[in-house]
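Please take a look at the sequence and the 3D structure below. The report after them walks through the two chains, the place where they meet, and a few residues that deserve a second glance.

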Amino acid sequence: MGFKSKLGVGVMSGVLGLSLIGGGTYAAFNDVEEVSNTFAAGTLDLEVGEDSTFEFDISNLKPGDYVEKELILDNNGSLDINQIFTSVSADEWEDKDVLDLNSEVSAGAGDNELIDFLSQFQLTVSGGNGLSATATLDQAVNHTGNSPFDITTTDDGEIGLATGDSLSYDVKIKFVEDNTTFTDSRYHVQNKYQGEGATLNFDFEATQMPGEDRSNDEVGEE
Amino acid sequence: MAMKKKLAMSGIAGAMGLSLIAGGTWAAFNDVEAATNSFQAGTLKMDLSEVDGPYTFNITDLKPGDHMTRKIQFDNTGSLAIKDVLMTIEDVQFEDYVPEKGEPGFNDAWAEEAETDVLDYLDQFTVDLIRVGLEGNDSNYPTNVLLEASLKDLYLASDSLYGQPGNSTDVSAARQAILSAAPDNSRLVDDRLRVSTIANEGWEGIPLDPSDEDQVKITVSFNDDVEDTYEDGTYKQNKFQGDSADITVSFEARQWDGQEYDGDGYIDENERTDTNR
């Protein structure tokens, strides 16, 4: 408090000093014009729509099973969105060997990595502005194969998702069925994934349209 | 406190530096939304268990006319319903007994023909397979899976891991014989025997909901052949004296076909038979 009021006094005396000088040089008439400029930044706001069914938590899956979900992305901001980039990461996975393949078949038969487990799931995305892409989840995580990256399918100059609009995607995730067996065994290789699970984190990054020359905007136009 | 403040300050400065760099490269504004989902595979697991005694045969000193019965119970110990269980003979290790001088049988008429092969020997046995697992409102209980089949035919007809156990003419004849020994032809799948429950609403295969175990009773009889004799009146079947066979049988539990699920959470439906979802 003490500090603040001291500052106030300092400023006051500064202003007084200035006006004394002014008063000494000029007399009377003057005119003051004011120009008011507004630079209000817009908002870039992508939201996962309320009707999306994309957030789920499913267990007790068997090969061949699949889920079909809807992803809705809304542009709730005041600025158009150029592109929406996806990135996928996976965690909370643990290796399991439920059937004890390491002793039933051979050492190492029951072992696998997270990336192997992810390769057992096929991701198919269609919709939006005409996107159609299929990739396994390991490809989605590593951005390889045909994994969807820019899901607006627009390039640098085009509006991918205009303000107030939404994009809707059908997303299918399938636990693929693979009847390959281990050599001289009835056991399917896919048995090594029994009981395993993972959490997938999808990030959707919306980018702004490129900067433009706004000199000719009407007053009040956004 | 002062230390903390300083740290926070440098944190902000760091962040500012970062945003400046980003601003230099890109046109700054972006928004990141996240969505999370998780999925977990179930387990398909079957254990064999004993019913009133062991389920393997380990019998020596057999003589024609002997018969033995075993019961095997299939328990579903996983989290997924089992569609069916396929049984097949994977392998037979045969040991032929040919008496040497001083060994039993050396002076008998059959010693001349003592060299026998695995198929001749297995042909001396007859197999009956009956599904006896008690379960809900099953009017077909117990069900005959295989009646009076030759163990030789069963082996020849098997889709063994190690290839066909005989030439293709013999194999197709044996498959025909097994087909006639099976009252219900849908018991045969890919040249293996479907020993679990079929076509019983809600109980097909080995579901977890309702809880079910299937039991199969296997009876093996050593045929008594008193027709064929040597000139001195001894039975030709004597040539199988001292022979033995080690038979490996596999039971494979299979999953139901994949389906679409639009719900969330644990898939209860996967604990039931396909017709009961």
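In chain A, 70% of the contacts with a separation of 6 or more are between residues 24 or more positions apart; two residues are in contact if their C-beta atoms, placed from the backbone, lie within 7 Å. For chain B the corresponding share is 74%. Please keep in mind that this is a predicted model, in which local features need pLDDT of at least 70 and side-chain atom pairs count only at pLDDT 80 or more, while totals for chains, interfaces and linings use all residues. Residues are numbered from 1 along each chain as its sequence is written, and chains are lettered from A and ligands numbered from 1 in the order in which they are written.

Here are the two chains in outline. Helices (H or I, at least four residues) and strands (E, at least two) are DSSP runs, numbered from the N terminus. A residue is buried if 20 or more other C-beta atoms lie within 10 Å of its own, exposed if 12 or fewer, and partly exposed in between, with C-beta atoms placed from the backbone.

| Chain | Residues | Helices and strands | Buried |
|---|---|---|---|
| Chain A | 222 residues | four helices, eight strands | 27% |
| Chain B | 277 residues | four helices, eleven strands | 26% |

If you follow chain A from its N terminus, the elements run α-β-β-β-β-α-α-β-β-α-β-β.

Now to the place where the chains meet. The contact takes 47 residues from chain A and 36 residues from chain B. On the side of chain B that touches chain A, β1, β10 (244-255) and β11 each supply at least two residues, and β1(B) gives the largest share, twelve residues. Sorted by class, this side of chain B has 14 nonpolar, 14 polar and eight charged residues. Here Ala, Val, Leu, Ile, Met, Phe, Trp, Tyr, Cys and Pro count as nonpolar, Asp, Glu, Lys and Arg as charged, and the others, Gly among them, as polar.

Strands of a sheet pair through backbone hydrogen bonds, either parallel or antiparallel. Two strands are taken as a pair if DSSP finds at least two bridges between them. Five strands form an open sheet with mixed pairing, in the order β4(A)-β8(A)-β1(B)-β2(A)-β11(B). At the edges stand β4 (81-91) of chain A and β11 (265-266) of chain B; each has a single partner strand, so one side of each is left without a neighbour in the sheet.

Strand β2 (residues 57-61) of chain A runs parallel to β1 (residues 30-41) of chain B, and three bridges join them. In this pair, Asp57(A) stands opposite Ser38(B). Strand β2(A) is also joined to β11(B) by two bridges, again in a parallel arrangement, and there Ile58(A) faces Gly265(B).

What about the nonpolar cores? A nonpolar core is a set of buried Ala, Val, Leu, Ile, Met, Phe, Trp, Tyr and Cys residues joined through C-beta atoms within 7 Å. The largest one has 35 residues, of which Val127(B), Leu129(B) and Leu154(B) touch the most other members. Several elements of chain B give two or more residues to this core, among them β3 (67-76), β5 (125-131) and α4 (168-181). The largest share, six residues, comes from β4(B). Leaving out residues up to four places away in sequence, Leu129(B) touches Val145(B), Leu146(B), Leu193(B), Val195(B), Val216(B) and Ile218(B). A second, separate core of 32 residues includes Leu73(A), Ile173(A), Leu200(A) and Ile267(B).

Is Ala140(A) buried or exposed? Ala140(A), found in helix α4 (residues 137-142) of chain A, is buried, because 27 other C-beta atoms lie within 10 Å. Apart from its neighbours within four places in sequence, Ala140(A) is in contact with Val88(A), Leu123(A), Ala135(A) and Ser147(A).

Asp100(A) sits in the loop between β4 and α2 (101-104) of chain A. Its phi is near 55°, a positive value in a residue other than glycine, and Asp100(A) is exposed, with 11 other C-beta atoms within 10 Å. In chain B, Asp52(B) lies in the loop between β2 (46-50) and β3. Phi of Asp52(B) is near 50°, also a positive value in a residue other than glycine, and Asp52(B) is exposed, with 8 other C-beta atoms within 10 Å.

Finally, a cis peptide bond joins Asp209(B) and Pro210(B), with omega about 0°. Pro210(B) belongs to the loop between β8 (192-194) and β9 of chain B.
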